[in-house]
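Me: I have a model open and would like to go through some of its local geometry with you. Shall we take it one question at a time?

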Amino acid sequence: MRKLKRLRIILSVFSVLAVPAAMLLAPQWMPYWLIPGFLAALLLACFCGRWYCAVVCPVGILQEAAGAALRFFTHGRYHYRPVPNRRILRYSVLIAVFTTMLCGIAALIAPLEPYSNFARLFASALRPGVVAACEALGWYGLAARPVTGFMILWALGTGLLVFLLVAWRGRIFCQTLCPLGALLGLAARRARFQLAVNPGKCIRCRKCLSACSSGCIAREDEGVQIDFERCTLCCSCGTVCPTRAIGFRQSPPTVSLSPLPHEERRSFLIAAGATAVGAASAALLLRGERRQRFDAADAAGSLPVMPPGAQSLERFTSRCTACGLCVTACTGKVLRPAGISQYGLAGIGQPYLNFDHAMCEFHCNRCSNVCPTGALHSLTLPHKQLTRIGVAKYLRANCVVYLDPALACGACAEHCPTGALTMEETPDGYRLPFIVEELCIGCGSCYAACPQRPKCPIRIEGVRVQDTATDPKDYVRRRPETAKAAEPESGGWAF
């Protein structure tokens, strides 16, 4: 068991270094690991337990590191304690997560899914330090990304909460709140090979109880038993056992295979049904609130601008887990995590485009290629360059050319990558911007180039459904008169 624990530590160190390296250097490959990795973890759990939680899960590794730090700073006085098997709570969380996801709400899985939590923690708290260290060493291959106060508070709050939970009851997050841990625990419940205690060698010294980070070892009348469904395979129990009574056995422990008592089964079914109904009701209420918010924003022309590949507001907000990978990968630094005002209460942390200090780079499609959940459909660069994520609108009353006819600006038209914005003469003698709606993709290049601040004459409105704009080459070939935008009225918006 000592060799197995050393191997687990080596693989954990490799994982905790490999995952951030992949997020930094090759984020476009992250989506391709999701389904194969999940299936591999599930099959491995069916065979020999939750090794994913032991050597791959970044939140699990951080919890083990927090426990080791507590033991170091307390000079060995910190010990783990057995945790009651909160089976009803664990499965209720799993049912609630699946129910809300089926109802199109990702707000519950966002704070509970391990990789989303780690991605936010890395992007907000760890990446700036890594980039600064690389630049101090003379390597400028990594670009700094914008970090908002909301991102920092969410990431550090999650890290602090995990540390406090470890100090309280070890890896209780993995045993009660993690939906992936509950699913892998179901698979490991009848695993082919499980950790078990040899009753003939056990001397009941209870050292394994204080070493188990999962708190899944209990002392009963017939001896010490390991609940392998909750075991995260830290292998500490086997290393501290003086008689080497703990090891992998082909025969599963009785405690993992024993059926639920009648009263507990009834309580579980009642709790599962109540959780499913409550989660579905809450999800439907959130969907109704979100739909009303989108309808009102659509009527007022204030829809948020979604990243390229989102396809529609309803689809995007129902699949995004706010992991922050697209925000980290954004070359133009225009993606930011949303508050309540963009997507509502159920969409906190989901990305949107903020054009105040940046624009969506025309020759970049990284955000759509790093999404691990499919919330952003993968787009090729030519397809992304024709995807309409918003529409530019022009207010003549704020334009510097209209306010001072002696100035010849035209910066917005010069920076438009699709030719949707041109400078044309008006009957009253002004040379003003005109916007061709069928060419506009809402990238924000015109807004970023406009020197008029704070009252910019151009604003970008989001669209509820992203469609494909007309190819500028096709437009130039046919040049229909109906494609030219009408002259804007004074003080009004024109497309």
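Predicted model: local features only at pLDDT ≥ 70, side-chain atom pairs only at ≥ 80, totals over all residues.

Me: Is Arg-244 buried or exposed?
Reply: Arg-244 is one of the residues that gather in a surface patch of positive charge, including Arg-2, Lys-3, Arg-6 and Lys-201. The cut-off for exposed is over 50% relative accessible area. Because Arg-244 has 62%, it counts as exposed.

Me: What is the relative accessible area of Lys-333?
Reply: Lys-333 is not a glycine, yet its phi is positive, about 60°. It is found in the loop between α15 (325–329) and β5 (335–337). Lys-333 is partly exposed, and its relative accessible area is 36%.

Me: Which residue forms a cis peptide bond with Pro-454?
Reply: Good one to look at, since most peptide bonds are trans. Pro-454 lies in the loop between α21 (445–449) and β10 (458–468). Omega is about 5° for the cis bond, and the partner of Pro-454 is Arg-453.

Me: How far does helix α5 reach from its first C-alpha to its last?
Reply: Helix α5 covers residues 87–102, and among its buried residues are Tyr-91, Val-93, Leu-94 and Val-97. Gly-104, with a positive phi near 85°, follows α5. With 16 residues, 22 Å is expected at 1.5 Å a residue, and close to that, α5 reaches 23 Å.

Note on methods:
Residues numbered from 1 in each chain as written. Heavy atoms only, no water. Patch = residues over 30% accessible without salt bridge, like charges linked within 9 Å, V, L, I, M, F, W, Y side chains within 5 Å. Areas by Shrake-Rupley, 256 points an atom, 1.4 Å probe, with all protein chains shown as cover. Salt bridge = Lys/Arg side-chain N within 4 Å of Asp/Glu carboxyl O. Lys, Arg positive; Asp, Glu negative; His and termini not counted. Charge placed at Lys NZ, Arg CZ, Asp CG, Glu CD. Helix = DSSP H or I, 4+ residues; strand = E, 2+ residues; numbered from the N terminus. Expected span 1.5 Å × (residues − 1). Buried < 20%, exposed > 50% of the residue type's maximum accessible area, 1.4 Å probe, protein only.
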